[in-house]
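Let's take a friendly walk through a protein model together. Have a look at the picture first, and then read on.

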Amino acid sequence: MSRYRWWSTPAALFLLGCGGPFPQSTLHPHSDFARATDVLFTGIFWWAAAVFVVVEALLLVALVRFRHREGRPAPKPTHGHTLMEIAWTLAPAAILVFVAVPTVRTIFATAGEAPADALKVDVIGHQWWWEFRYQELGLVTANELHVPLGRAVQLSITSADVIHSFWIPPLGGKRDAIPGHVTRIAFRPDRVGEYTGQCAEFCGASHANMRLRVVVDSDSAFGRWATVQLAGPAAPASGTAAERGKAVFARSACIGCHTIRGVSPGVIGPNLTHVGSRTTIASGLFPNDSAHLARWIADAPSLKPGSLMTRMQPPLTDADIAALVAYLQSLQ
Amino acid sequence: MKSWLTTTDHKRIGLLYFFTAFAFFLIGGIEALVIRAQLAQPNGHLVTAETYNQLFTMHGTTMVFLALMPLSASFFNYIVPLQIGARDVAFPRLNAFSYWVFLLGGLFLNASWLVGPLFHAGTLNVAPDGGWFGYANLTERQFSPGPNIDFWLLGLQILGISSLAAGFNFIVTILNLRAPGMRMMRVPAFTWMTLVTQFLVITAFPVITVGLAFLMFDRFFGTHFYVHEAGATPILWQHLFWLFGHPEVYILILPAMGIVSDVLPTFARKPLFGYTVVVYSGVLIGFMGWGVWSHHMFSVGLGPIADSVFSATTMLIAVPTGVKIFNWIATLWGGDIRGTTALHFAVGFIAMFIIGGLSGVTHASPPADLQQTDTYYVVAHIHYVLFGGTIMGLFAGIYYWWPKMTGRLLSETLGKWHFWLQFIGMNLAFFPMHFIGLLGMPRRVYTYPPELGVADLNLLSTIGAFLIALSISVFLVNLLRTRTHGQRAGNDPWGGATLEWSIASPPPVYNFSVIPTVANRLPRWKTEHHEPMRDPPTTPPAPIHVPGGSWWPMLAALGLPILALAPLTRTLWLAFVGAAVLLAGIYLWAFEPFEA
């Protein structure tokens, strides 16, 4: 089987001409779930295309053939035709059977129940970031979900505030994150790689900035990642900028919202115990580098409208920010 | 001036509806252009995130409630009484009340663009920002503390009163004021679709009224209808909203279907094929529209059984819709088709509505919909239905009935320019959105990263949007030019079959000098069964009494926005003033001498 069935829809064919790659494409599925919906969509697409061609052709033929011409006799005043009415009632109904049957089969096949050995992850949507809790491993992270290749994953999705929608198109369709409800999706990724997604339900000022990444690791890479995440936070060496940064962190408002295991217990913002190991910050908005971290700490709302991480009062000094950046980057 | 303010003439009210709704249509269109300008390239920063969220919310709200519904209403007002051979609607002053409430509600909503300083908001604009379907619990005070959502919910409550009043008015009008001999199965298709639409209005609007009242109580009085911490659920809002919202889709599309069903026969010189089936399928769509609301909620995870059921009902509704399309094509088939601008738009409606209908079938399949819902694919779908469908249909109606409404024909040359620019523009604007969505761009995002790979498609879409704007400018030129240069229409420029063409253009205030007696479905045409009717005489054989105007509907209407200002500004005495104005208006109205 080819890596992705680019020929599967003319849409994909069309897009070949537009370049790519398309990291958030629904037309390039990389899990069983995404593949099932893609196959279903492709089937419906061809039915729709056939109906489109037939009906628009009839319309065009009627327009051309019966356009006004001088001397054309007055049209016969036909009022209807019972047999034809029955025919064009039954024809679409029959086509819909070919759409409905695979639809219902796919609904039940993708209802979110994963095998018992699936990796279970709780997903919690927040304004405007994602929290991931691996119950079985006992670890908590944010915005970058790591899953192993070839093992089923079951996500239990909910929200801490307003309604969000969890969506990584190449791995499968979205499910809403609703406060007080738990929704599920299950999928088995079939290729190692990094996939992007984002919140799909309008959730306030920075809805557009609520992005996420899913990293499908090989089994061994996933094991290594989990080991790192399970370890306690790195302790900065004495006399380094990172050590000063830890002190700044501990005496600033940071601790009110962020957890660093053994340092602070905050639960409002993302867990930072291993923030240095993530590739992005601010829910997938910026690369995790010194420059962006510094700007983010200094003034998050200017980078992400509405961000609950307000500017600190009194503002941190540049030296404090530099120390904090060093500390956060040391938390590998 | 006074005569326009106090008018109860359905024709004048129809024109007021038209110009007001068209002004809101332009405002909603400008909002769309700003949105498209922002999205023309990745990381756009023409407007802030907050302003963008207000723009798309107000674009949707304006187009649905302030442009498309009242543009349809302008035809209900102007054309329905003429089509059924009536002197006016059943309750002319209630009709005036509906219009004034609509105007004031629309102004109330749009005032939110300018009054930020009064609320110490730090910005000029405090327009609604929760999306046109305003999902709870984002709209709760906790997450939306400003006046933005208050404007939205109070504005919609006001507009709902206008729609409900008009709904009852037109149902009574169509059922009771038909000319002698006009049995239900002789009623023109447009009037039939109006009737179905009004039944949907009076049944669907109470649902959103309840939903909005709950939200109002939550926001102002601390109740918890949508707060899960108190044991409720925000999903309740979604059920209430879409239980209203899906019939609302048919409220928007059925009038346009009615217009097309009248325009095609006139220009094909052939009766509507399968009139009975077209009427019954419209009624059926009206009923079935109530059983499909959860297809807006497949991503909520209602469970496989509910998803399957709503999927099936949604697919079924495609059948009566398809039947209508086949009947329209059969109407053209074998005809003698004159390619007027009105016909162009009517055919454009069919051609574009098919695309919207077919993408609708892909949403009807829940697993496929999980990849499509809340993306630009849905934005493409809704615009093929409401722009390719409703707007095309409404323009068909405008070109068709404008000569009746003003006495002058719109220019056909400019009309064709308008049509082709709009046709190309809309396909450029909306077709790429299918791909943009399938490639993973969600709707309602004020910005997107270049890595998504959708920059070119978005630019194309923006170009299309500006082409649409150009086409609308051509239409405006046409409208202005027609005032002075338009060809005189006479009674019947098209050879129409229905009663509105039997009288002068514009019609005299009493419409029909003699109420016609109707003997068949196509009274003004010769068919194998009958000869055309004799048009009523130009001058009435006996004087016709026409009731004068009234100030009181407008006064009563004025009470409603004052009432709404009370919670908005948290000023109790305004509530008493508003109630007093409303009651005074109703009292004076009720006891107004009949012969004013």
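Within chain B, the mean pLDDT is lowest for helix H1 (residues 2-5) of chain B, at 90, and highest for helix H2 (residues 10-39) of chain B, at 98. Keep in mind that this is a predicted model. Over chain B, the average pLDDT is 95, and 99% of the residues score at least 70. The model has an ipTM of 0.93 and a pTM of 0.95.

Now to the place where the chains meet. Chain A brings 77 residues to the contact, and chain B brings 76 residues. On the side of chain A that touches chain B, the elements giving two or more residues are helix H1 (10-16), helix H2 (32-65), H3 and strand E7 (172-177) of chain A. Which of them gives the largest share? That is H2(A), with 15 residues.

Let's zoom in on one pair of helices. Helix H3 (residues 82-109) of chain A packs against helix H9 (residues 304-332) of chain B at an angle of about 160 degrees, and their axes are 9 Å apart. Because of that angle, H3(A) is roughly antiparallel to H9(B). The crossing of H3(A) and H9(B) is right-handed. Among the residues that make this contact are Trp88(A), Leu96(A) and Phe108(A) from H3(A), and Asp307(B), Met315(B) and Phe326(B) from H9(B).

| Group of residues | Nonpolar | Polar | Charged |
|---|---|---|---|
| Contact of H3(A) with H9(B) | 16 residues | five residues | one residue |

Finally, let's turn to a sheet in chain A. Three strands form an open sheet in the order E4-E10-E9 (chain A), and their pairing is mixed. Strand E4 (144-148) and strand E9 (193-198) of chain A are the edge strands, each pairing on one side only. Ignoring direction, neighbouring strands of this sheet are turned by 20 degrees against each other on average.

How do E4(A) and strand E10 (residues 211-217) of chain A run, parallel or antiparallel? They run parallel, and five bridges join them. Here you can find Val147(A) opposite Val216(A) in E10(A). Helix H4 (residues 219-230) of chain A lies across E4 and E10 of chain A, and runs at about 135 degrees to E4(A).

Definitions and conventions
Residues numbered from 1 in each chain as written. Chains lettered and ligands numbered in written order. Predicted model: local features only at pLDDT ≥ 70, side-chain atom pairs only at ≥ 80, totals over all residues. pLDDT = per-residue confidence, 0-100. Helix = DSSP H or I, 4+ residues; strand = E, 2+ residues; numbered from the N terminus. Axes fitted to C-alpha atoms, helices over the stretch in contact; angles between N-to-C directions. Parallel < 35°, antiparallel > 145°, perpendicular 65-115°, else oblique. Left-handed = near helix turned anticlockwise from the far one by under 90°. Contact = placed C-beta atoms within 7 Å. Nonpolar A, V, L, I, M, F, W, Y, C, P; charged D, E, K, R; others polar. Pairing = 2+ DSSP bridges.
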